[in-house]
Amino acid sequence: MAQSERATGGKSPRKGAGVTHDAIESIRELIASGEWGPGTRLPREADLAAQLGLSRNSLREAVRALSLARVLEVRQGDGTYVSSLEPHDLLEPTRFATHLLRGSTVLELFEVRRMLEPEAAAMAALRADDDIKIALRRELDRMFDAGDRVEDLVEADAAFHDVIARAPGNAVLRSLIASLSTRTVRARLWHGMVDRDALELARAEHTRIYDAIVAGDPELARSATALHIASNESWLRDHLGPGDDVPLDTDA
């Protein structure tokens, strides 16, 4: 049996997008099986194309797609390598896609956040060390110092929740949570709080989360976080029509 036939399991050669998909799957399997680990340099293009029974054009398309997905890293003049395969890199495309969601789909993000973030806060209450507690206090103080400056509020809010997501020591959880909350939605929420004089309520919600984590109380941290997310979701649900986009604010 010819090498190209062995690569395709004896099936007739595929064309176009189908061949590129096969190439992607072949490379993915080499990585998933452990044959290629993080940092592995791929064989020369001609050798790899022959190994996989592909044209060089199809292989280039597969490498391009996997580079965009952060699975491979193309280094000009040096070759192509398997990436670090760290969750932050592999889940980055999810964060990109989140920015494209609109209308009721944005609200579905909050449903997922309600599943993940309260549990992350509960884990943080059990695992947070002094460095995490200090970092959390710093971001909470920034939130108070920001006054009604939305740009500063968005930055402090994002950092506050990232500290919580970092505390459990679970890189996948942290990356997933980061991908579910976009800067655009945060800016919209904080603008809404400024407009309705609800800043103190929002700061109080964050303070309750902070106090629960510092006290090492997982149940209180879980409930305080769930209440905070539900409050944001409720406001957005009231102000976002089923076909509306979340408007970009030029100041954020």
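## Briefing on a predicted helical model

Residues are numbered from 1 along each chain as its sequence is written, and side-chain values use heavy atoms, with hydrogens and water left out.

**Overall make-up**

- The protein has 13 helices and 2 strands, where helices (H or I, at least four residues) and strands (E, at least two) are DSSP runs numbered from the N terminus.
- Of its 252 residues, 39% count as buried, a term that means under 20% relative accessible area, with exposed meaning over 50% and partly exposed lying in between (1.4 Å probe, protein chains only).
- Among contacts (heavy atoms within 4.5 Å) between residues at least 6 apart in sequence, 72% join residues at least 24 apart.

**Helices α8 and α9**

- Helix α8, residues 130–145, packs with helix α9, residues 150–166, at an angle of about 160° and with their axes 8 Å apart; axes are lines fitted to C-alpha atoms, for helices over the stretch in contact, and angles run from 0 to 180 degrees between N-to-C directions.
- The two helices α8 and α9 are therefore roughly antiparallel to each other, since angles over 145 degrees count as roughly antiparallel, under 35 as roughly parallel, 65 to 115 as roughly perpendicular and the rest as oblique.
- On the α8 side the contact includes I132, L136 and L140, and on the α9 side the residues include L153, F160 and V163.
- The residues of this α8–α9 contact divide into 11 nonpolar, no polar and 5 charged, with Ala, Val, Leu, Ile, Met, Phe, Trp, Tyr, Cys and Pro counted as nonpolar, Asp, Glu, Lys and Arg as charged, and the others, Gly among them, as polar.

**Helices α3 and α4**

- Helix α3, residues 45–52, and helix α4, residues 56–68, have axes 9 Å apart and pack at an angle of about 100°, which makes α3 roughly perpendicular to α4.
- In this pair, E45, A46, L48, A49 and L52 of α3 meet R56, L59 and R60 of α4, and the residues of the contact comprise 5 nonpolar, no polar and 3 charged.

**Positive phi angles in loops**

- R70, which is not a glycine, has a positive phi of about 65°; R70 lies in the loop between α4 and β1 (72–75) and is partly exposed, with a relative accessible area of 36%.
- L85 likewise has a positive phi, near 60°, and is found in the loop between β2 (79–82) and α5 (87–90), where L85 is partly exposed at a relative accessible area of 23%.

**Individual residues in helices**

- N232 belongs to helix α13, residues 218–239, and counts as buried at 7% relative accessibility; leaving aside residues up to four places away in sequence, N232 touches F110, L189 and M193.
- H21 lies in helix α2, residues 17–32, and is partly exposed, with a relative accessible area of 42%.
- The C-alpha atoms of H21 and S58 are separated by 8.9 Å, although these residues are 37 residues apart along the chain.

Notes
This is a predicted model: local features need pLDDT of at least 70, side-chain atom pairs count only at pLDDT 80 or more; totals for chains, interfaces and linings use all residues.
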